[in-house]
Amino acid sequence: MSVGFKAVQWSREKYIYDGVLLAGVTLYILAFIGISYRIEPPKDLPAAIDVRIRAFGSCAFLMLTIILSIGPLARLNPWFRKLLFNRRHFGVLTFAIAFLHAWFMIEWYEAQGNLPNLIAELTKWSDYGKFIGFPFKVIGFAALLLLFLLASTSHDFWLAFLSPPAWKWLHMTIYVAYGLVVLHVALGIMQYDRNPTIPLMLIAGFAVVTVLHLVAGWRERAGDRGTPAGNDGWIVAGVPGSIPDKCALIVSAPGGERIAVFRDGNEIGALSNLCSHQNGPIGEGRIIDGCVTCPWHGWQYRLSDGRAPPPFTETLATYPVRIRNGLVEVSPHALPPGTPASIQVPSG
Amino acid sequence: MRRAHRTAHRMLWPVLALLVGLGLTLSLVMRPPPAPPAAAEEQR
């Protein structure tokens with residue numbers, strides 16, 4: 001393999017993130033089990049296992065709903081970016097909770113000596129032709145397999161090995177997994193348990209995630225239409241002063257990728273808007289310690305040539321920039337990654 | 001995200017919302033009526 005493995009880089013922020021996450025999950029599960037026992041104490045072991053199945057299943061659904069909301073929320077409001085940087089740990093924990101939900105289901109059959117019934121249930125082929133009565137456990141199992149695939153490829157090794165675009169395509173299957181989970185619950189417990197909390201939780205969760213994705217996607221459309229270009233194809237970004245100091249304006253060639261035009265005092269440079277780590281939106285970041293810093297995971301690049309500061313070796317494509325009639329213009333044609341391309345503009 | 005990913009997002013979500021929303025609605029509408037208490041106890 002051409003990609004080296006590096007251990008996870010822990011930081012104080014990651015410890016806090018994971019600590020809050022673990023505490024939240026533990027509290028939810030304990031509260032769920034505690035309240036369930038208070039309302040209806042389980043009469044036997046299978047009933048006690050059933051409470052665990054519900055606690056872990058509903059927890060996994062809520063976690064998946066939150067994970068899928070973080071992306072569009074971060075697009076709509078930068079405050080939510082602080083939830084984005086360690087989202088992969090959230091995803092791996094969600095798989096673990098979903099796995100325990102499935103494990104307790106097997107234990108539930110075993111506690112009654114009915115494990116063969118599970119096999120019979122899954123291999124009753126006539127049920128596969130029904131809508132109500134479809135073997136919903138198979139849908140849950142398919143979702144669990146997808147979550148396993150995503151959790152097992154969450155490490156940066158797989159991100160580098162597959163390349164960021166291919167990794168992103170793979171991880172977009174989480175949407176399919178979420179749809180399967182909704183149907184697993186809708187065709188499963190919702191059919192025989194009349195507790196109104198179940199359809200309410202399902203509908204509210206799915207509606208929130210869907211609306212957030214549709215709204216964020218709608219707002220992103222304008223950025224993909226392309227910025228007006230001059231006769232010679234150069235894209236007009238605006239007067240130098242319209243680019244906030246240490247920040248960027250994002251422009252895009254029609255049909256092309258976005259370009260981040262940064263200003264650092266009198267220096268103006270244009271870089272690909274795709275961070276080489278996870279293709280995060282570089283142009284939504286800031287210049288920190290003299291380097292353009294990705295808002296997602298803090299990867300840094302020099303504005304002058306798009307190279308990461310030593311000892312790092314990542315590079316971004318740069319774009320030629322010029323001043324014409326007092327306006328900053330950017331060529332839509334990328335230079336090879338790491339090519340110096342920034343310019344100095346007169347102050348004032 | 002690349003342009004292609006954003007385009008795929010914009011195409012995928014309305015389809016997913018429609019399919020899953022339809023499945024969810026049908027599973028609610030076609031729910032069997034609640035079993036009488038004795039039968040419900042049996043089912044557990």
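## Salt bridges, or none?

A salt bridge is a side-chain nitrogen of Lys or Arg within 4 Å of a carboxyl oxygen of Asp or Glu. With that in mind, let's look at this predicted model. How many salt bridges does the rule find across the interface of chain B and chain A? The number is zero. Polar contacts are another matter: nine residue pairs, both partners at pLDDT 80 or more, are in polar contact between chain B and chain A.

## Where the two chains meet

On the chain B side, α1 (3-29) and α2 (37-43) each supply at least two of the residues that touch chain A. The top contributor is α1(B), which gives 19 residues. Sorted by type, the chain B side has 16 nonpolar, six polar and seven charged residues.

Counting both partners, 29 residues of chain B and 38 residues of chain A take part in the contact. Together the chains bury about 3,300 Å², and carbon and sulfur atoms account for 65% of that area. Within chain B, the residues that lose the most area to chain A are Arg3(B), Trp13(B) and Arg31(B), which together make up 22% of what that side buries.

## A look at chain A

Now for the partner. Chain A contains eleven helices and eleven strands, and its C-alpha atoms fill a box of roughly 80 × 40 × 40 Å along the principal axes. Of its 348 residues, 45% are buried.

Among contacts in chain A with a separation of 6 or more, 57% join residues 24 or more positions apart. The accessible surface of chain A is about 17,300 Å², with 66% belonging to carbon and sulfur atoms.

How values were computed
Residues numbered from 1 in each chain as written. Chains lettered and ligands numbered in written order. Predicted model: local features only at pLDDT ≥ 70, side-chain atom pairs only at ≥ 80, totals over all residues. Heavy atoms only, no water. Contact = heavy atoms within 4.5 Å. Buried area = accessible area lost by both parts, 1.4 Å probe. Polar contact = N/O pair within 3.5 Å; in protein donor to acceptor, adjacent residues only side chain to side chain. Helix = DSSP H or I, 4+ residues; strand = E, 2+ residues; numbered from the N terminus. Nonpolar A, V, L, I, M, F, W, Y, C, P; charged D, E, K, R; others polar. Buried < 20%, exposed > 50% of the residue type's maximum accessible area, 1.4 Å probe, protein only. Areas by Shrake-Rupley, 256 points an atom, 1.4 Å probe, with all protein chains shown as cover.
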